[in-house]
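Colleague: I should like to go through this structure with you step by step. May we begin with the details and then turn to the whole chain?

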Amino acid sequence: MPEQDDTEREFDIRWADGAEFKEPSARARMLAARWKENPPQPQPFRADPGPRTPRRSSWSSTAIVLGSVAAVILLLGYVNLRASY
């Protein structure tokens, strides 16, 4: 098939864009069918977020990390001590 030059391709795009009826996308058709049976509830423009879980304080997170590092260091030291005998 010979390649189209730019003017022919541009004509095809303008012809397609100028169509009177454009078929909706598959997602739009799916949502229209779903909403016909079960319409969505109205949502406020800026809905309040749900309740947040309380965050841990930074000192407790730091203590957990440092405790884990100390435990690993002690474990490695114990393994090396046992291996030297």
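Modeller: Let us start with R29: at 40% relative accessibility, this residue counts as partly exposed. Please keep in mind that the model is predicted.

Colleague: Which residue meets the side chain of R29 in a salt bridge?

Modeller: Side chains of opposite charge can pair when their charged atoms come close. Here the distance from N to O is 3.1 Å, and a salt bridge requires a distance within 4 Å. A search of the whole structure finds 1 salt bridge. The partner of R29 in the salt bridge is E23.

Colleague: Is E23 buried or exposed?

Modeller: A residue counts as exposed when its relative accessible area is over 50%. The value for E23 is 60%, so this residue counts as exposed.

Colleague: Which helix has the highest confidence in the chain?

Modeller: The mean pLDDT of the chain is 81, and 82% of its residues reach 70 or more. Confidence is lowest in helix α1 (residues 6-17), with a mean of 68. Where pLDDT is low, the predicted coordinates should not be read in detail. The highest mean, 93, belongs to helix α2.

Colleague: What percentage of the residues of the chain count as buried?

Modeller: To count as buried, a residue must have under 20% relative accessible area. The chain has 85 residues, and the share that count as buried is 2%.

Colleague: Which residues make the nonpolar surface patch of about 270 Å²?

Modeller: One member is I73, which is found in helix α3 (residues 58-84). At 54% relative accessibility, I73 counts as exposed, and a patch residue needs over 30%. The patch is made by V65, V69 and I73.

Definitions and conventions: Residues are numbered from 1 along each chain as its sequence is written. This is a predicted model: local features need pLDDT of at least 70, side-chain atom pairs count only at pLDDT 80 or more; totals for chains, interfaces and linings use all residues. Side-chain values use heavy atoms; hydrogens and water are left out. Buried means under 20% relative accessible area, exposed over 50%, partly exposed in between (1.4 Å probe, protein chains only). pLDDT is the predictor's confidence in each residue, from 0 to 100. Helices (H or I, at least four residues) and strands (E, at least two) are DSSP runs, numbered from the N terminus. Patches are made of residues with over 30% relative accessible area and no salt bridge: like charges are joined within 9 Å, nonpolar side chains (Val, Leu, Ile, Met, Phe, Trp, Tyr) within 5 Å. Accessible areas come from the Shrake-Rupley method with a 1.4 Å probe; for residues, only the protein chains shown count as cover.
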